[in-house]
Protein chains: 4
Amino acid sequence: MQQITRLDLADAKILLDGARAKADEIGVPMCIAIVDESGNLIAFERMNGGKVTSTTIAIDKAYTAAGAKRATHEYGEVSQPGKPAYGINSAIGGRLMVVGGGLPVIADEAVVGGIGVSSGTPAQDREVAQAGIDHFVAETRG
Amino acid sequence: MQQITRLDLADAKILLDGARAKADEIGVPMCIAIVDESGNLIAFERMNGGKVTSTTIAIDKAYTAAGAKRATHEYGEVSQPGKPAYGINSAIGGRLMVVGGGLPVIADEAVVGGIGVSSGTPAQDREVAQAGIDHFVAETRG
Amino acid sequence: MQQITRLDLADAKILLDGARAKADEIGVPMCIAIVDESGNLIAFERMNGGKVTSTTIAIDKAYTAAGAKRATHEYGEVSQPGKPAYGINSAIGGRLMVVGGGLPVIADEAVVGGIGVSSGTPAQDREVAQAGIDHFVAETRG
Amino acid sequence: MQQITRLDLADAKILLDGARAKADEIGVPMCIAIVDESGNLIAFERMNGGKVTSTTIAIDKAYTAAGAKRATHEYGEVSQPGKPAYGINSAIGGRLMVVGGGLPVIADEAVVGGIGVSSGTPAQDREVAQAGIDHFVAETRG
């Protein structure tokens, strides 16, 4: 048997709060998704004005980051033409996201979940996702 | 041109609150999804212990209720063998849900969104979805 | 944070061994799938002569049993015409299986994974899945 | 009529053994999939710590290699921008994998199956897949 640590709903809401606050600060309404360490959705918000297309994209960024234990922007780098993971972006029915905005959530060196953000530029999405994690770390570090 | 009235994120959270309170009361951790009148996801929560399979089912119940402007249990009735909508359950790649737990959210006689609940029995799911709507009506009726 | 107990690969092989032995005994080559508690595949075998169509069916039976924390044949009962969960079989893109042969794997009252079997009759599939669990319980009870 | 030579389950386990041993040696827990010459799954293992996203990717690498009778990294080369197979990576609903780690299994100059590996870098995945084939050749050459 394996023992796994996983985000619960209260944790997910802390991540949402941190991301939403940053999205408000930069003035970009976002879709924000939180998944567990297996990539299954725990919580989601589409802020007023968030993009319809970003609903799925945010969920899939979170899924990719948690399931692959890797930030989606890192996949963006290694999947450029000529790079080793070129073409990976269409894997898993297109769910594997290589655009920035998906980050694994890590606790005690284990991936416990993922956050995915979409509706802004990839840089904005990534900034907002990171803000969610920063807030989570600040709130839970004791 | 058409003018559309639609749930916003604050409304969605009121619906979530009402549903979650009922789920806590009956002791069944639920997946709860809120969509807008176009069927697109606004907010989602999987309570601790909610079923993984119910993640998609809750979202699709809400999508069906809002998009078809009809409670999912009503589809259950008309899709029985020999009835006019028999077989509709596999439509839209299986997204059209005919199991109870999806309800349209109505304001001023217009469908403004939908709520979908899954993880319990269909009767429990429906009760929890209705509690979300009841709470929303109570909070917003002025 | 939540603490989760999950099958590991060694556990999955014990489940496979028990199921395969029963399949050999009854003379029906089977597809056998083992998933973790989140429904993600850990191990799979298609015995020589196992059905091609049963590859996906076995995986989806295991997914359903683990994700919904329920034997698939129980879904078969409650999804008959006129019953509350009628029409659930096409949910999740058809992945939600209501045919016997999928069982949750339980340890210390928690679902830690699922086993799905397909290629025989549903009764045979269920018997083989149960044999996997019986073997697992016997091997791990200490 | 055609006579087809195809991997059986015992062959698949030899391929798994060879790949798993190499994965252990390089310290990267992998998802390993073995398919027959028609691309249908025979056996699969997700080693403890293998990535959730790699479950599907490993299966699809094996499917591509067997079905197209070609190593997936070769598709990576010919699908670069400006090359003849550009865009092929999204074919078949994204199942056609162009990232290294999928290899056809060949016997007497015929493709008899495929092996797909995922969770490491594409170079690691390819190395582990090749180790599976090397072990199979060593064990079966008689």
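1. A salt bridge is a side-chain nitrogen of Lys or Arg within 4 Å of a carboxyl oxygen of Asp or Glu. By that rule, the count between chain C and chain D is 4 salt bridges. One of them joins Arg46(D) to Asp36(C), with the closest N and O atoms 2.9 Å apart.

2. This is a predicted model, in which local features need pLDDT of at least 70 and side-chain atom pairs count only at pLDDT 80 or more, while totals for chains, interfaces and linings use all residues. Residues are numbered from 1 along each chain as its sequence is written, chains are lettered from A and ligands numbered from 1 in the order in which they are written, and side-chain values use heavy atoms, with hydrogens and water left out.

3. Contact (heavy atoms within 4.5 Å) links 17 residues of chain C with 17 residues of chain D. The buried area, meaning the accessible area (1.4 Å probe) that two parts lose on being put together, summed over both, is about 1400 Å² for this pair, 49% of it on carbon and sulfur atoms. Leu9(C), Leu41(C) and Arg46(C) supply 36% of what chain C buries against chain D, more than any other three residues.

4. In the latter, 20 residues of chain D meet 21 residues of chain A. Together these two chains bury about 1600 Å², 59% of it on carbon and sulfur atoms. On the side of chain D, Lys51(D), Val52(D) and Thr53(D) supply 30% of the area buried against chain A, more than any other three residues.

5. Chain D can be laid on chain A with an RMSD of 0.1 Å by a turn of 93° and a shift of 0.3 Å along the axis; the superposition is by least squares on the C-alpha atoms of residues with pLDDT of at least 70 in both. The two copies are thus related as by a four-fold rotation axis.

6. Two backbone angles deserve attention. Most residues other than glycine have a negative phi. Lys69(B), although not a glycine, has a positive phi of about 55°, and Ser119(D), also not a glycine, has a positive phi of about 145°. Ser119(D), in contrast, is buried (under 20%), at 9%.

Conventions: Buried means under 20% relative accessible area, exposed over 50%, partly exposed in between (1.4 Å probe, protein chains only).
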